[in-house]
Amino acid sequence: MFGYIRAIKPEMKCLEYDLYRGVYCGLCRQLGADYGQFSRFSLTYDCTLLAMLGLALTGDTGSQFRWQACIASPLKKKWIHTYHPMLSYAAAVDVLLTAQKIEDGVTDSSLGKKTALLSLLPASRHMAKKAARQYPQLGEIVVQYAHSQQALEAQGCTSIDRAADPTAKALAGICRGLSQDPAVQKVLDRLGYHLGRYVYLMDALDDLEEDRTKGSYNVLLLRFPEETEEQIREYARQTINASIAQVAAAYELLDLKSYRSILNNIVYLGLQTQLRLLLQPSCPKRKELPDELTL
């Protein structure tokens with residue numbers, strides 16, 4: 001995932017923010033424990049949502065939070081969520097998607113960036129193999145996603161729905177793994193599908209100017225070759241808003257046993273806020289924005 005799924009800090013109570021950061025820090029610690037310290041650099045808020053959603057479905061009460069020092073702040077203790085299977089699951093998703101992103105970057109990036117990414121390949125592949133051994137189904141989901149996405153891009157696919165489908169299906173499968181209940185899995189599948197579609201289209205919107213300059217694949221540019229950038233952005237706003245609405249509709253069907261207010265913040269405020277930021281003409285790329293703008 002790419003950094004578009006975040007909570008809005010000014011709308012959170014102090015306790016809510018501490019819990020949110022505690023899960024984030026717990027996921028960071030889990031990455032280090034499962035895949036080594038290098039893996040911590042792959043940590044994203046996107047996977048924090050995944051971990052927190054899984055915790056909420058299992059009825060996590062917050063009793064596993066501890067005041068502990070961390071590698072980033074050894075002199076100041078933080079409230080950190082200790083081990084939970086959902087943290088391990090989210091950590092595996094994080095390293096698998098990061099490894100795939102590095103693989104894609106090696107193929108698509110300029111020479112300078114490609115050289116830097118090549119140095120990361122051995123470590124990222126090692127972590128991905130370890131995650132795939134522990135969660136074979138996750139490994140298959142990511143491999144299928146990569147193959148499908150590469151094939152569509154090679155064909156120069158101009159259909160927005162088809163181009164977004166591999167990412168959407170990947171997130172659907174990943175979210176489905178948060179529960180063993182078939183009824184809940186059905187809801188998670190729908191939520192994940194539209195969340196994946198949101199992520200894919202947000203990334204395409206984010207890279208619009210850069211892809212136009214470099215001539216890189218971007219389904220929005222191929223779908224609307226004659227339209228102005230303002231017209232493309234307006235269409236993107238409408239279709240991304242439709243995905244946000246579908247995410248919210250599925251989310252409302254979930255029986256969450258904890259963290260409801262934090263997840264409400266992400267689903268009802270965070271997704272829409274990230275879109276509004278990207279649509280601002282003077283806004284830098286979302287991936288370059290500092291956290292404090294949106295957390």
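A: Let us start with a pair of helices (helices, H or I, have at least four residues and strands, E, at least two; both are DSSP runs numbered from the N terminus). H1 and H11 are roughly perpendicular to each other, a class that covers angles of 65 to 115 degrees. This is a predicted model, in which local features need pLDDT of at least 70 and side-chain atom pairs pLDDT 80 or more, while totals for chains, interfaces and linings use all residues. Residues are numbered from 1 along each chain as its sequence is written, and side-chain values use heavy atoms, without hydrogens or water.

Q: At what angle do H1 and H11 pack, and how far apart are their axes?

A: Axes are lines fitted to C-alpha atoms, for helices over the stretch in contact, and angles run from 0 to 180 degrees between N-to-C directions. Here the angle between H1 (residues 14-35) and H11 is about 80°, and the axes are 10 Å apart.

Q: Which residues of H1 and H11 meet?

A: Contact means heavy atoms within 4.5 Å. Glu 16, Leu 19 and Tyr 20 of H1 meet Ser 261, Ile 262 and Ile 266 of H11.

Q: Which helices do the buried residues of H10 pack against?

A: Buried means under 20% relative accessible area, exposed over 50%, and partly exposed in between, with a 1.4 Å probe and protein chains only. The buried residues of H10, including Ile 232, Ile 240 and Val 247, pack against H7 (182-206), H8 (208-214), H9 (219-223) and H11 (260-279). Ile 240 touches Tyr 198, Leu 201, Met 202, Leu 205 and Leu 275, leaving aside residues up to four places away in sequence. Ala 249, also in H10 (residues 229-251), is partly exposed, with a relative accessible area of 26%.

Q: How is the length of H10 to be checked?

A: The expected span is 1.5 Å times one less than the number of residues. The 23 residues of H10 should span 33 Å, and its end C-alpha atoms are 32 Å apart, which agrees.

Q: Where does Tyr 259 lie, and is Tyr 259 buried or exposed?

A: Tyr 259 lies in the loop between H10 and H11, and is buried, with a relative accessible area of 9%. Its phi is near 60°, a positive value in a residue other than glycine.

Conventions:
Angles under 35 degrees count as roughly parallel, over 145 as roughly antiparallel, 65 to 115 as roughly perpendicular and the rest as oblique.
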